[in-house]
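This report looks at the packing of nonpolar side chains and at the pairing of charged ones. Please consult the sequence and the model while reading.

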Amino acid sequence: MSFRPLHDRILVERIEAEAKTAGGIIIPDTAKEKPQEGLVISVGNGTINEDGDVRPLDVKAGDRILFGKWSGTEVKLDGKDLLIMKESDVMGIIDTKSA
């Protein structure tokens, strides 16, 4: 299935956190927090300003992002649990190249 978000919305796949702490303790599923990190799958065209011009989004497909704990709407596409959220819900882009 092909899905393209509209306007300033983005489609995000959560990146699951490690199930084990640095000390080796395994965290049970019931104690895990929802991940606040994700991979952008696709983005909309952008927002339309007062002049009618389209402002492209700052994020693009393939970006690794941080977002708020309660951000977005959960959807299931092709058997995957994904999120649709507005670009304003994104707190930042993680630059994996500099790490």
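## Burial and the predicted model

A residue is called buried when its relative accessible area is under 20%, exposed when that area is over 50%, and partly exposed in between. The model discussed here is predicted. At a relative accessibility of 22%, Glu-37 therefore counts as partly exposed.

## Nonpolar core

The largest nonpolar core comprises 10 residues, namely Ile-10, Val-12, Val-40, Leu-57, Val-59, Ile-65, Phe-67, Leu-83, Met-85 and Val-90. Two or more residues of this core come from each of the elements β1 (9–14), β5 (64–67) and β7 (80–86).

Leaving aside residues up to four places away in sequence, Ile-65 touches a set of residues that includes Ile-10, Val-12, Val-40, Val-59 and Val-90, as well as Gln-36, Glu-37 and Gly-38.

## Salt bridges

A search of the whole structure finds 6 salt bridges. In one of them Asp-8 pairs with Lys-86, with the closest N and O atoms 3.5 Å apart; because Asp-8 lies in the segment before β1 and Lys-86 in strand β7, this pair ties together parts that are 78 residues apart in sequence. Asp-8 is buried, at a relative accessible area of 14%, whereas Lys-86 is partly exposed at 35%.

Glu-37 also forms a salt bridge with Arg-64, at 2.4 Å from N to O, and this pair links strand β2 (residues 37–43) to strand β5 across 27 residues. Arg-64 is partly exposed, with 30% relative accessibility. A further salt bridge joins the side chains of Lys-60 and Asp-63 at 3.1 Å, N to O; here Lys-60 is exposed at 52%, while Asp-63 is buried at 10%.

Key. Residues numbered from 1 in each chain as written. Predicted model: local features only at pLDDT ≥ 70, side-chain atom pairs only at ≥ 80, totals over all residues. Heavy atoms only, no water. Core = buried A, V, L, I, M, F, W, Y, C linked by side-chain atoms within 4.5 Å. Buried < 20%, exposed > 50% of the residue type's maximum accessible area, 1.4 Å probe, protein only. Helix = DSSP H or I, 4+ residues; strand = E, 2+ residues; numbered from the N terminus. Contact = heavy atoms within 4.5 Å. Salt bridge = Lys/Arg side-chain N within 4 Å of Asp/Glu carboxyl O.
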